Amino acid sequence: RRPAPAKSRSGAGHCYRLLGCIRTKDYGIRGGDARAARLARGNGCLDVLEASAPYAEFELGTHSSAPCTLDDGTLLSRVEGELPWLLKVLSIRNCTPCGAHPDLQSAESLHLKDSKIYPDTNHKPKLMIALTPFEALVGFRRRAELAELLARTPELAACVRPEAQLLLHTCTDANEREAVRSVFESWMRSADVVVQTRKLVERLRGEHQASKASGPAWLKKSQRAVLQLAESHPQQMGAMLPLLLNYLLVAPGEAFYVAPCEPHAYVAGECVEVCASSNNFVRIGLSQRIDVEAAITLLSYETGGPDVEFGRLAHQGPGTHTL
């Protein structure tokens, strides 16, 4: 259900000491190297920091999956109502599953379809601020890049129907989304993706070991990202995703926005994430559970990726703390 507006019972200006929640996930950074774990330890919600545990998310909010409490154990939601947002610190060692968060209308229909997999009726736009050099896949590539990648990558082209490739080459701004959707749907439904991904990885490894990789810098970056994902997610079709999605390398202090229905994955690094309170996520790759039909219907098929902005220091002084 959509979070109710927060209603304070404490009066203006009251400040609570909160205990957050720490999550371990396969893609998290291990032990004390994870900012998420160090913050949770200092916060008091993590009693023992285990050196081998993959700490992925330190979360503050009232969502039922990881609700904040006051230091006396009272749920924050019982005092302030349900907050409309979540604040997270993420520590990413290996790439997260790739997918998209639904908009409001899609969230409601997905919840009706399967409330266990899609437990919320809320959307989840989010803002990401990098704490370290941060790698991500966000949004579809521009159609000129997609066309060039199809021409230069026979393994990718083998997974996309000729009709879809022709539509991409001949489309205009008016029907660009239709063309990108056709390419993506063809790739998602291809029976040869796993085999062609294996062939692509073997070829790229040989070329990079022999220093024979050619092409513009953006192409080489996408090829290196393919090899990186193949290492962390062997035998999965998602290793091809850097050929379809924009690869971002974001510097500390830089930020970008991820809109609902925009495909994305976090590849590596640490960040602060501010998002709407929801836990719905339609997976399209790098996961054992992929919802093909929901993904094809959900995505917006906007191209070009997000604007990356650099924040400015607004205040520094007594009481401020650097993450």
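Student: In this predicted model, how many residues does the largest nonpolar core have, and which of them have the most contacts inside it?

Tutor: The largest nonpolar core of this predicted model has 53 residues, and those with the most contacts inside it are Leu156, Phe184, Trp187, Met188, Leu241 and Leu244. Helix α7, which covers residues 176–189, gives the most to this core, contributing six residues. Apart from it lies another core, of 15 residues, which includes Tyr27, Leu90, Ile92 and Leu248.

Student: With which residues is Trp187 in contact, leaving aside its neighbours within four places in sequence?

Tutor: With those neighbours left aside, Trp187 is in contact with Leu156, Cys159, Val160, Val193, Met237, Met240, Leu241 and Leu244.

Student: How should I read the packing of two helices, and at what angle do α4 and α6 pack?

Tutor: Two packed helices are described by the angle between their axes and by the distance between those axes. Here helix α4 (residues 143–152) and helix α6 (residues 162–170) pack at an angle of about 135°, and their axes are 9 Å apart. The two helices, α4 and α6, are therefore oblique to each other, and α4 passes α6 in a left-handed crossing.

Student: Which residues of α4 and α6 meet?

Tutor: From α4 come Arg143, Leu146, Ala147 and Leu150, which meet Gln165, Leu168 and His169 of α6. By class, this contact of α4 with α6 has four nonpolar, two polar and one charged residues.

Student: Turning to α1, which of its residues are buried, and what covers them?

Tutor: The buried residues of α1 are Arg35, Ala36, Ala37, Ala40 and Asn43, and what covers them includes β1 (18–19), β2 (21–30), β3, β5 (85–92) and β11 (264–276). The helix α1 is followed by Gly44, whose phi is positive, near 105°.

Student: Where is Leu46 placed, and is Leu46 buried or exposed?

Tutor: Leu46 has its place in the loop between α1 (35–43) and β3 (54–60), and Leu46 counts as buried because its relative accessibility is 9%, where the cut-off for buried is under 20%. Not counting residues up to four places away in sequence, Leu46 touches Ile22, Ala37, Ala40, Arg41 and Tyr55. Of these contacts, Ile22 is 24 residues from Leu46 in sequence, while the C-alpha to C-alpha separation of the pair is 7.1 Å in space.

Student: What should I make of a positive phi, and what is the phi of Cys261 and of Tyr301?

Tutor: Most residues other than glycine have a negative phi. In this model Cys261, a residue other than glycine, has a positive phi near 70°; Cys261 is found in the loop between β10 (254–258) and β11, and Cys261 is buried, with a relative accessible area of 6%. Tyr301, also a residue other than glycine, has a positive phi near 65°; Tyr301 is found in the loop between α10 (292–298) and β13 (309–310), and Tyr301 is buried, with a relative accessible area of 4%.

Student: Is Asp291 buried or exposed, and with which residues is Asp291 in contact?

Tutor: Asp291 counts as buried at 18% relative accessibility, and Asp291 has its place in the loop between β12 (282–285) and α10. Leaving aside neighbours within four places in sequence, Asp291 is in contact with Lys113, Tyr118, Val282 and Arg283.

Technical notes
Residues are numbered from 1 along each chain as its sequence is written. This is a predicted model: local features need pLDDT of at least 70, side-chain atom pairs count only at pLDDT 80 or more; totals for chains, interfaces and linings use all residues. Side-chain values use heavy atoms; hydrogens and water are left out. Axes are lines fitted to C-alpha atoms, for helices over the stretch in contact, and angles run from 0 to 180 degrees between N-to-C directions. Helices (H or I, at least four residues) and strands (E, at least two) are DSSP runs, numbered from the N terminus. Angles under 35 degrees count as roughly parallel, over 145 as roughly antiparallel, 65 to 115 as roughly perpendicular and the rest as oblique. A crossing is left-handed if the near helix is turned anticlockwise from the far one by less than a right angle, and right-handed if clockwise. Contact means heavy atoms within 4.5 Å. Ala, Val, Leu, Ile, Met, Phe, Trp, Tyr, Cys and Pro count as nonpolar, Asp, Glu, Lys and Arg as charged, and the others, Gly among them, as polar. A nonpolar core is a set of buried Ala, Val, Leu, Ile, Met, Phe, Trp, Tyr and Cys residues joined through side-chain atoms within 4.5 Å. Buried means under 20% relative accessible area, exposed over 50%, partly exposed in between (1.4 Å probe, protein chains only).
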